[in-house]
Amino acid sequence: MPVLDTLTHALSTLVHPLQLVVAWILVHLHGALTSLGLDPAGGAGWSLAIVGLVVVVKLLLVPLVVAQVRGMRAMRLASPEIHRIQEKYRGRTDAASRDAARREQQELMTRTGANPLAGCLPVLVQAPVLFALYSVLSGIGRQTPVGALTGDLVRQADAATLLGAPLSGTLTGALGGTAGLLGVLVPAVLIVLMYAAQVLTQRLSARDNPPADPTNPLARQQGVLAFVLPAVSAVVAVGFPVGVVLYWATSSLWGLGQQLVVGRLLPSGGQEGSPAPRTSVTGSPAPEPTATPRAGGQRPQPRRGTTRRGRRG
């Protein structure tokens, strides 16, 4: 498709510096693995280099992940106040009311540190890396050197396979070519793993960060998106090189493990380290039990028979 090729070329030009970085990391990780005894032309060295790239990227994203967790936690705690502000100005369509509602919400966000976009930061940063890796591995299939990935290394990587599936091949190409059963089975299994890991990560995130109002239509939409977005990723991955799918599946599995760790270290509830408020059947905070004072302000007296003398008798 000429339009798709033009768009891919334009995006490749924009992320070319990132392509050089990705190629440099892959080459040096591959060199380190071959120094340990792996075959330079074997698929194990290149596959593990791609997995190592995931580790490098994820470690660099740790500060953003911490900001994501804090922002989402603050956003959840601020949700009742945001809902109160929305109810306060509901039905007011004049400009002054809209400005006042927006100003109060911005002040609340600043005071609580809530950030609605906090959950998107790691994804927005990883997307260019994923596209840069896609460009590099697609270029391997076309015998195109990139930076540190010289012509000899490109030929080695092009011949490399993961359990019999070419790293530069795609699932669609394997279905229409002569890659054999493993050429179809390996990328298919990787795509299923990627989808399952993403769905489980979304479910765990929803469990650890429950919405303030589960009946809100937005909360139900988020529940649907937890299955739709991974499905879209799986469909797109069908046309990606096996090396990119390996990166994506490994990244998704890392995200699942990361969510398990975050859920254990930062349990849901109120502020970290404080007990969650008790809730009534309706979901609102339950009042603490208090003694009902008698008329005249006198304290309620214990019933007879409950004193020490009464118990002796």
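The legends below describe close-up views of a predicted model.

**View 1. Leu163 in the loop between two strands.** Leu163 lies in the loop that joins β1 (161-162) to β2 (165-166), and its phi is near 55°, a positive value in a residue other than glycine. For comparison, most residues other than glycine have a negative phi. Leu163 counts as exposed because its relative accessibility is 65%, where the cut-off for exposed is over 50%.

**View 2. Ser47 and its contacts.** Ser47 belongs to helix α3 (residues 43-60), and with a relative accessibility of 7% it counts as buried. When neighbours within four places in sequence are left aside, Ser47 is in contact with Thr161, Leu162, Leu167 and Leu246.

**View 3. The two sides of helix α7.** In helix α7 (residues 151-159), the buried residues are Leu153, Val154 and Ala157. Seen down the axis of α7, these buried residues fall within an arc of 105°, so they line one face of the helix. Asp152 and Ala159, on the other side of α7, are exposed.

**View 4. The largest nonpolar core and a second one.** The largest nonpolar core has 44 residues, of which Leu26, Leu53, Leu133, Leu149, Leu190 and Tyr247 touch the most other members. Among the elements that give two or more residues to this core are α2 (16-35), α6 (121-141), α7 and α9 (180-208). Leu149, not counting residues up to four places away in sequence, touches Ala23, Val27, Trp46, Val136, Ile140 and Val154. A second, separate core consists of ten residues, including Ala78, Ala100, Leu108 and Met109.

Technical notes
Residues numbered from 1 in each chain as written. Predicted model: local features only at pLDDT ≥ 70, side-chain atom pairs only at ≥ 80, totals over all residues. Heavy atoms only, no water. Helix = DSSP H or I, 4+ residues; strand = E, 2+ residues; numbered from the N terminus. Buried < 20%, exposed > 50% of the residue type's maximum accessible area, 1.4 Å probe, protein only. Contact = heavy atoms within 4.5 Å. Arc of directions from axis to C-beta. Core = buried A, V, L, I, M, F, W, Y, C linked by side-chain atoms within 4.5 Å.
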